[in-house]
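This briefing is meant for a reader meeting the structure for the first time. Please keep the sequence and the 3D view at hand while going through the points below.

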Amino acid sequence: MAEPALFGAVLGLGVFLLIRALFPARPGLAARLGALDAARGAGEAGPRARLLATEEKLSAFRRRLGERLARIYAARGWELRSIRADLALLGRSVEGFLATKALLAASGLLFAPLLAGWLALLGWGVTPQVPLWTALLAAAVFFFLPDLQVRRDAAARRRDFRHAVGAFLDLVAMNLAGGRGVPEALMMAVSVGDDGNWAMARIREALDNARIVGITPWQALGRLGDEIDVDELRDLSAALGLVADDGAKVRASLSARAATLRRRELAEIEGQAGERSQSMLVAQLLLCAGFLVFLSFPAAMKMLGV
């Protein structure tokens, strides 16, 4: 009786999820207010968002699936702010990310018939609960794998971006010392970076689009910081907005911020080096322990008379 009840529960859950996906619930008040705010800000950030968007090469099926899932998430008010910032930093779309999660979870469910068939070929009398729960566990693990990968890749790129921001601040301070104004110094500093530096390219795009949208360069830097979740750009935008009329204060502030970024980066590098040194020490101790066991094993066996 337990097996039919379990299969019936799983089937009912699948039918329920299918119905909810095909006929989503009406959006609540929070979702409607979020849609109104997004529509209100589309007039300001629309050209910039279109110019900064980097489309992935997605198949038609993945694009349709991702758009459908994105609409379901938006109807329920699931914003995924941190994931959206990581995807914006990596140049990937939310639709492709959601489609990848769904397809990986669906592929994890294939473990049930494969494992059941393999166990049947081996002649093991195993109940259907083992393949079923194994498939559900694999689907759950596969569903969260893209999140881990995106967070890991975004953390690495965010470190590189902070390094580029430190160099950018030094260049801006040097241009300000040459007598240029803040907007001109920002544009001249970002034009020094080569095209192969993706971080400088993102900053250059933000500054170029600021003139199209009609905002100040430091506001564009602040929006870029909010988009990719880099606190250094938000702080820089706030500082430039406060002291943009005083070049000397701007130079002192930028130089101090660049020095702080370099000290922080040096501290992170030293911390990573210390962690790796400790891991190497543990590996060497384990290797020595294994070698001592290898040397003492024959003598111990001989003493024990085995």
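Predicted model: local features only at pLDDT ≥ 70, side-chain atom pairs only at ≥ 80, totals over all residues.

Once its neighbours within four places in sequence are set aside, L186 is in contact with F168, V172, L207, P217, W218, L221 and L240.

Nonpolar core
- The largest nonpolar core is made up of 43 residues, and those with the most contacts inside it are F161, F168, L186, L221, L240 and L254.
- Helix α7, which covers residues 129-177, gives the most to this core, contributing ten residues.

E232
- E232 is found in helix α11, which runs over residues 231-243.
- With a relative accessible area of 10%, E232 is buried, because the limit for that class is under 20%.
- The side chains of E232 and R264 make a polar contact at 2.6 Å.
- When neighbours within four places in sequence are left aside, the residues in contact with E232 are R162, V165, L261 and R264.

R62
- R62 belongs to helix α3, which spans residues 60-75.
- R62 counts as partly exposed because its relative accessibility, 25%, falls between the limits of 20% and 50%.
- Although R62 and A99 are 37 residues apart along the chain, their C-alpha atoms are separated by 5.7 Å.
- Not counting residues up to four places away in sequence, R62 touches G96, A99, T100 and L103.
- For G96, the backbone oxygen lies 3.3 Å from a polar atom of the R62 side chain.

Terms used
Residues numbered from 1 in each chain as written. Heavy atoms only, no water. Core = buried A, V, L, I, M, F, W, Y, C linked by side-chain atoms within 4.5 Å. Buried < 20%, exposed > 50% of the residue type's maximum accessible area, 1.4 Å probe, protein only. Helix = DSSP H or I, 4+ residues; strand = E, 2+ residues; numbered from the N terminus. Contact = heavy atoms within 4.5 Å. Polar contact = N/O pair within 3.5 Å; in protein donor to acceptor, adjacent residues only side chain to side chain.
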